[in-house]
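Dear colleague,

I am passing on the structure below, together with some notes on its sheet, its helices and its charged pairs. Please read the notes with the model open beside you.

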Amino acid sequence: MIRVQREDFDIGAEIEALSGGNNEVGAVASFVGITRADAGEGAPITAMTLEHYPAMTEKQLAAIEAEACERWNLTASLIVHRHGRLEPGDRIVLVVTAASHRRAALDACAFLIDWLKTKAPFWKREETAEGPRWVAARAADDQAAERWRDAS
């Protein structure tokens with residue numbers, strides 16, 4: 001399931017809705033991304049705005065979620081990604097994967113996180129006391145995602 005939204009999300013309620021009552025689930029892995037005040041790029045961040053093109057974003061997220069489900073035979077999965085203006089401490093993204101066994105849930109969750117960080121069509125603009133700045137891609141994120149290229 002994919003949701004791109006402005007509203008915050010309840011982590012516990014999302015996990016329960018995804019896996020509760022499903023006796024095939026033996027493991028649930030999750031990741032929550034949170035807006036930081038210090039991104040190590042100079043002046044502290046006072047806010048961040050995430051922009052996207054809805055049809056393109058949802059199509060790309062659905063494709064990578066389908067790939068994760070196929071690679072790891074997931075019982076269920078969820079990606080909730082926020083857009084709009086967020087302040088430090090606000091939740092940005094939730095990734096939850098459920099599978100019969102922990103390794104599949106953990107690997108699929110890591111795969112989705114790495115993909116979101118490098119390939120998801122979101123544009124981020126940070127606000128600082130020195131003015132706004134666009135967030136550029138980071139080589140370390142690309143290197144982390146590279147491990148999934150031929151792995152399955």
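Why is strand β6 (residues 91-99) largely enclosed by the rest of the structure? The reason is that 8 of its 9 residues are buried, where buried means under 20% relative accessible area, exposed means over 50%, and partly exposed lies in between, with a 1.4 Å probe and protein chains only. Strands here are DSSP runs of E with at least two residues, and helices are runs of H or I with at least four, both numbered from the N terminus.

Before going further, please note that this is a predicted model, in which local features need pLDDT of at least 70 and side-chain atom pairs count only at pLDDT 80 or more, while totals for chains, interfaces and linings use all residues. Residues are numbered from 1 along each chain as its sequence is written, and side-chain values use heavy atoms, with hydrogens and water left out.

The sheet is open and is formed by 4 strands in the order β1-β4-β6-β2, with mixed pairing; two strands count as paired if DSSP finds at least two bridges between them. Because β1 (2-5) and β2 stand at the edges with a single partner strand each, one side of each is left without a neighbour in the sheet. From one strand to the next, the twist averages 10°, angles being taken from 0 to 180 degrees between N-to-C directions, along lines fitted to C-alpha atoms and, for helices, over the stretch in contact.

Strand β6 pairs with β2 (residues 27-34) in the antiparallel sense over 8 bridges, and Val32 has Leu94 of β6 as its bridge partner. Strand β4 (residues 76-82) also runs antiparallel to β6, joined to it by 6 bridges, with Ser77 standing opposite Thr97 and Ala76 opposite Ala98.

Helix α2 (residues 54-72) lies across β1 and β4 and runs at about 150° to β1.

Turning to charged pairs, the structure holds 9 salt bridges, each being a side-chain nitrogen of Lys or Arg within 4 Å of a carboxyl oxygen of Asp or Glu. One of them joins Glu14 and Arg3 at 2.5 Å, N to O; since Glu14 lies in helix α1 and Arg3 in strand β1, the pair ties together parts that are 11 residues apart in sequence. Glu14 is buried at 13% relative accessible area, whereas Arg3 is partly exposed at 24%. Asp8, Arg82 and Arg91 are linked in a network of salt bridges.

With kind regards

Methods. Contact = heavy atoms within 4.5 Å.
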